[in-house]
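Let's take a walk through this model together. Keep the viewer open and follow along as each part comes up.

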Amino acid sequence: MSRRVVRQSKFRHVFGQAAKADQSYEDIRVSKVTWDSSFCAVNPKFLAIIVEAGGGGAFIVLPLAKTGRVDKNYPLVTGHTAPVLDIDWCPHNDNVIASASDDTTVMVWQIPDYTPMRNITEPILTLEGHSKRVGILCWHPTARNVLLSAGGDNVILIWNVGTGEVLLSLDDMHPDVIHSVCWNSNGSLLATTCKDKNLRIIDPRKGQVVAERFAAHEGMRPMRAVFTRQGHIFTTGFTRMSQRELGLWDPNNFEEPVALQEMDTSNGVLLPFYDPDSSIVYLCGKGDSSIRYFEITDEPPFVHYLNTFSSKEPQRGMGFMPKRGLDVSKCEIARFYKLHERKCEPIIMTVPRKSDLFQDDLYPDTPGPEPALEADEWLSGQDAEPVLISLRDGYVPPKHRELRVTKRNILDVRPPAGPRRSQSASDAPFSQHTLETLLEEIKALREQVQAQEQRITALENMLCELVDGTD
């Protein structure tokens, strides 16, 4: 009998390819802030990128279809008084995004489907509870309107964005700066890494550290951790000799790693992007010009190197498209949005297949936009797996849904500014705030139509002049 040398896997031949030049987003001044977040967030409707902004912090939100050169006067989302450090799209509403800033606040924004005429300056909600910069944001995977923030004050706050209240405060678990936070698939546990070199598994509702590992990676530089679908923890960090390293850990037995592999010598922190459907983890280092990807399985050595996508330009940040935003007709299993100094370039990961039919084995049912729980149900102790959808016929994003805040943010001590912050405006389901938003939208659309009519008139005049000239 011949011994099988090559490991069987349908993902062995996954390859990456940069999109054509006309599919990139050009002339974007990507933020130069020294912070180890991805600086980019993407969903099936929009691409958001943290940008350079004078006198405060800002990010730009572009419809996915708006490729090419971005006008230098394109409206930004501005409102923070210091640089924006992290942004994250709500998994249950493609028009809602949260931003965290050096100004100690978290802001939640409603992005309209139309292109606004001017900067968006008014968030739906400002969440004030941290005493230092807020550098990490992470929405709950299954509960509606539950948002986690972590700050330089070493505190994790879990908010109900629907009311503006703090649901849980985890303020005595981390003695030093928190480097990363990740929910597990049903949002019952958190994995955190910290400057004290500890990897912690936390039950946020009990306020307990349920498992802890000191020096999962022995180096002093920041560590990252994500949950895998098997319940293991995948980590990236550094050895004592500053070599980059990846690890796989079983929270039920933190004594020994399931796998530990040294990689290379580089200063850039490796950001792990994990796809639970394929169990592939993609490693993108800030300042690197490559994306390495590995398949995590139950067979030794457990973390299997697949391939590397290489390019010439180093990456400033990276966005990772949710599975429902991919093109299933082209066997696309991942799409990244790579930030350069002045542009954003899509990178598409594909499994080569000859058939044009839907590939069931590549696309199991995946988390959709519907939450499985309400915030108070989750807080009371209920857990639920994500509500799954099939990608067989492709994914069509739902229509614009407005996030309604049911009462004024109790942490906001500033005086109310007009009906947006008034008590009556927040109690009614169809409030003055909703009415104002609709009126603003109608006004903006009318302005757009008027501008288009003026442009048509100008072009007609030019055409008449040309015709007269030829006569």
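A residue is called buried here when it has under 20% relative accessible area, exposed when it has over 50%, and partly exposed in between (1.4 Å probe, protein chains only). You'll also see labels for secondary structure: helices (H or I, at least four residues) and strands (E, at least two) are DSSP runs, numbered from the N terminus. Keep in mind that this is a predicted model, where local features need pLDDT of at least 70, side-chain atom pairs count only at pLDDT 80 or more, and totals for chains, interfaces and linings use all residues. Residues are numbered from 1 along each chain as its sequence is written, and side-chain values use heavy atoms, with hydrogens and water left out.

Let's begin with strand E25, residues 280-285. How many of its six residues are buried? Six of the six are, and the strand is mostly covered. Ile280, Tyr282 and Cys284 point one way from E25, while Val281, Leu283 and Gly285 point the other way, and all are buried.

Now look at what E25 pairs with; two strands pair if DSSP finds at least two bridges between them. E24 and E25 pair in the antiparallel sense over six bridges, and one of the bridge partners to find is Ile280 in E25, which goes with Asp275. The hairpin of E24 and E25 has four residues between the strands, and there Ser279 takes a positive phi near 60 degrees. E25 also pairs with strand E26 (residues 290-296), again in the antiparallel sense, over five bridges. Here Tyr282 stands opposite Tyr293 in E26. The hairpin of E25 and E26 has four residues between the strands too, with Gly287 at a positive phi near 90 degrees.

Rings of Phe, Tyr and Trp (its six-membered ring) pair if their centres lie within 6.5 Å; planes under 30 degrees apart count as stacked, over 60 as edge-to-face and the rest as tilted. The structure holds 13 aromatic pairs. One of them is Phe273 with Phe320, a tilted pair at 5.5 Å centre to centre and 50 degrees between the planes. This pair links distant parts of the chain, with Phe273 in strand E24 (residues 270-275) and Phe320 in strand E28 (residues 317-320), 47 residues apart. Phe273 counts as buried at 12% relative accessibility, whereas Phe320 is partly exposed, with a relative accessible area of 22%. Another pair, Phe358 and Tyr363, is stacked: 5.7 Å centre to centre, 25 degrees between the planes. Phe358 is buried at 18%, and Tyr363 is buried at 3%. As for the tyrosines we came from, Tyr282 and Tyr293 belong to one aromatic cluster with Phe273, Phe320 and Phe336.

Rings also meet charges in this model. A charge sits over a ring if NZ of Lys or CZ of Arg is within 6 Å of the ring centre and within 35 degrees of the ring normal. Lys286 lies over the face of Phe39, at 3.6 Å from the ring centre. Elsewhere, the charged end of Arg221 sits over the ring of Phe238, 5.3 Å from its centre.

Next, the nonpolar interior. A nonpolar core is a set of buried Ala, Val, Leu, Ile, Met, Phe, Trp, Tyr and Cys residues joined through side-chain atoms within 4.5 Å. The largest one has 37 residues, and those with the most contacts inside it are Ile28, Leu47, Ile49, Phe59, Ile111 and Tyr337. Strands supplying at least two residues each include E5 (57-63), E8 (84-89) and E29 (332-339), but E4 gives the most, with six residues. Contact means heavy atoms within 4.5 Å. Not counting residues up to four places away in sequence, Ile49 touches Ile28, Val30, Phe39, Cys40, Phe59, Ile60, Ile87, Leu339 and Cys344. Apart from this core lies another, of 27 residues, among them Cys284, Ile333, Leu362 and Leu391.

Finally, turn to an open sheet of four strands, in the order E12-E13-E14-E15, with antiparallel pairing. Strand E12 (134-139) and strand E15 (165-170) stand at the edges, each with a single partner strand, so one side of each is left without a neighbour in the sheet. Within the sheet, five bridges join E13 (residues 146-151) to E14 (residues 156-160), and Ala150 has Ile156 as its bridge partner in E14.
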